[in-house]
Amino acid sequence: MNFSYSDKVNELRKKLNAFMEEYIYPNEKVYVEQLNAQKSRWSAVPPIIEELKEKARKEGLWNLFLPDSEYGVGLTNLEYAPLCEIMGRSLIAPEVFNCSAPDTGNMEVLVRYGTEEQKRKWLLPLLNGEIRSCFSMTEPDVASSDATNIQASIVRDGDEYVIHGKKWWSSGAGDPRCKIAIVMGKTNPDAPKHEQQSMILVPLDTPGVKIERMLPVFGYDHAPHGHAEITYEHVRVPKENIIWEEGKGFAIAQGRLGPGRIHHCMRLIGTAERALELMCQRVQKREAFGKKLSQQGVIQDWIAQSRIEIEQARLLTLKAAYMMDTVGNKEAKTEIAMIKVVAPNVALKVIDRAIQAFGAAGVSDDFPLAAYWANARTLRLADGPDEVHKAQIAKLELRKY
Ligand SMILES: Cc1cc2nc3c(=O)[nH]c(=O)nc-3n(C[C@H](O)[C@H](O)[C@H](O)COP(=O)(O)OP(=O)(O)OC[C@H]3O[C@@H](n4cnc5c(N)ncnc54)[C@H](O)[C@@H]3O)c2cc1C
């Protein structure tokens, strides 16, 4: 395994870092101000985002996530990892480069399993950053970490499918540009367990689709993106909207969640790096009890421990990315599961130390640490809770004996 960055990656890292310095960090506050100045935080996307998207696209910093060379830049997962990490340093950055969840996962699904018509209708506008999308799998009424529990029904009726069910935590559905949902539901409750579920494309303006409410995360509304509870009440879509074919929901989920998961981990490492950087800057500036905070042994311990943990997490992320590139997402499942547990936990520890080192300022919104923490905490649940990944790692480990 060779994790050194190629010339191509170094060139992109340089460009991306320069873009972050010039356009992203200075505009984080502008984004919040524009959002708060709107009549409603949900009515529109702050204009700064579209302005920055335009610039990023012109500079070739666009769709870097997609390994497919026909539609994306054609980077491997290993090449994308250090770039995604840089994007993870700011909560507004991923969208600017058209590399944000859940669109990246949805685009991967359409690239791999979509028909030509589905690609024309939904993939191309997503790749162009003209629309956004959401993914509706989780349901309030069943333990959705076990996707075999999913109850929503997708029933064929002539040339149409009828979708009925209740979903929640459909991230991104609040965005006025969100036009399409990938919905998971049962097409055949009598089929073998892992062939009962299917995925289908549902335009959000179809009659019967209703956003009931937006769910906050530790009080953050994440507007205008948000996390929606949605009812799909006897929603009819053409039969051509089914993805791949009936019964392939699990197979698609495997394809979708692997890259989606590792992208979260890459971004979290960037988040942890920025938290450590902010902590180091802060403790060198402030004095208490006659010396700089940075001279306190305990704070030096937090800094050293954070550096050690970030390096460990980064190496495991790179290994998982390397495995995905060389033996495929399926074979890399243990590494993906391991890093999906490690990265959020490491990020949480580093951010928490930074918050402590900042004092009360750390929990305010003058600095990004509190928002980072809330975001990282959700990733111990979203895309599979820690315990489910650990159960899978243990199963694979025990199988050896
Ligand atoms: C901010 C955020 C965004 C999200 N975005 C989306 C989205 O866009 N689309 C979408 O469909 N979903 C989304 N989710 C939902 C997320 O994927 C689910 O919450 C997650 O899969 C867990 O399902 P659940 O909430 O039903 O928990 P449950 O299945 O009820 O599980 C509860 C707890 O039980 C424990 N548990 C479960 N299985 C085991 C086991 N095998 N061994 C030991 N303990 C176990 C775990 O501690 C787990 O946290 C999002 C969630 C959050 C918080």
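Let's start with a crossing: helices α8 and α9 cross in a left-handed sense. This is a predicted model, so keep that in mind throughout.

Stay with that pair. Helix α8 covers residues 249-285, as the α10 packing entry also uses it. Helix α9 covers residues 297-327. Their axes are 10 Å apart, at an angle of about 160°. Angles over 145 degrees count as roughly antiparallel, so α8 is roughly antiparallel to α9.

Who touches whom? On the α8 side, the contact includes Gly258, Pro259, Ile262, Met266 and Ile269. On the α9 side, it includes Ile299, Trp302, Ile303, Ser306 and Arg307. By class, the α8 and α9 contact holds 17 nonpolar, 3 polar and 3 charged residues.

Next pair: α8 with α10.

Helix α10 runs over residues 333-358. It packs on α8 at about 20°, with the axes 8 Å apart. Angles under 35 degrees count as roughly parallel, so α8 is roughly parallel to α10. The crossing of α8 past α10 is left-handed. From α8, the contact residues include Arg261, Cys265, Leu268, Thr271 and Ala275. From α10, they include Ile336, Ile339, Lys340, Ala343 and Pro344. The class count here is 18 nonpolar, 2 polar and 4 charged.

Look at α8 itself for a moment. Gly258, Ala272, Leu276, Met279 and Val283 are among its residues in the α10 contact. Those five are also among its residues in the α9 contact.

Helix α11 covers residues 369-378. The angle to α10 is about 155° and the axes are 9 Å apart. That makes α10 roughly antiparallel to α11. This crossing is left-handed too. In α10, Pro344, Ala347, Leu348 and Ile351 are among the residues involved. Their counterparts in α11 include Leu369, Ala370, Tyr372 and Trp373. The contact divides into 12 nonpolar, no polar and 2 charged residues.

How does the record label this part of the chain? UniProt, in an unreviewed entry, gives residues 247-395 as "domain: Acyl-CoA dehydrogenase/oxidase C-terminal". That span is 77% helix and 3% strand. Its end C-alpha atoms lie 25 Å apart.

Now the strands.

Residues 134-229 are 0% helix and 47% strand. The end C-alpha atoms of this span are 12 Å apart.

Begin with β2, residues 153-157, which runs antiparallel to β3 over 5 bridges. Isoleucine 154 stands opposite isoleucine 163 in β3. The two strands form a hairpin with 2 residues between them. Glycine 158 sits in that turn, with a positive phi of about 65°.

Strand β3, residues 160-171, then pairs with β7, residues 227-238. The sense is antiparallel, over 9 bridges. Lysine 166 has threonine 231 of β7 as its bridge partner. Serine 170 stands opposite alanine 228 of β7.

Alanine 228 comes up again from another strand. Methionine 214 also stands opposite alanine 228. The strand here is β6, residues 209-214, which pairs with β7 in the antiparallel sense over 5 bridges.

Now backbone points to check.

Most residues other than glycine have a negative phi, and most peptide bonds are trans. Which peptide bonds are cis here? One joins alanine 101 and proline 102, with omega about 0°. Proline 102 is in the loop between α5 and α6. Another joins alanine 223 and proline 224, again with omega about 0°. Proline 224 lies in the loop between β6 and β7.

Then there is tryptophan 244. Its phi is near 60°, a positive value in a residue other than glycine. Tryptophan 244 is in the loop between β7 and α8.

Last, the start of the chain. For residues 8-130, UniProt lists "domain: Acyl-CoA dehydrogenase/oxidase N-terminal", from an unreviewed entry. This stretch is 63% helix and 0% strand. Its end C-alpha atoms are 28 Å apart.

How values were computed: Residues numbered from 1 in each chain as written. Predicted model: local features only at pLDDT ≥ 70, side-chain atom pairs only at ≥ 80, totals over all residues. Heavy atoms only, no water. Axes fitted to C-alpha atoms, helices over the stretch in contact; angles between N-to-C directions. Helix = DSSP H or I, 4+ residues; strand = E, 2+ residues; numbered from the N terminus. Parallel < 35°, antiparallel > 145°, perpendicular 65-115°, else oblique. Left-handed = near helix turned anticlockwise from the far one by under 90°. Contact = heavy atoms within 4.5 Å. Nonpolar A, V, L, I, M, F, W, Y, C, P; charged D, E, K, R; others polar. Pairing = 2+ DSSP bridges. UniProt positions renumbered as here; feature names shortened; annotations may be inferred.
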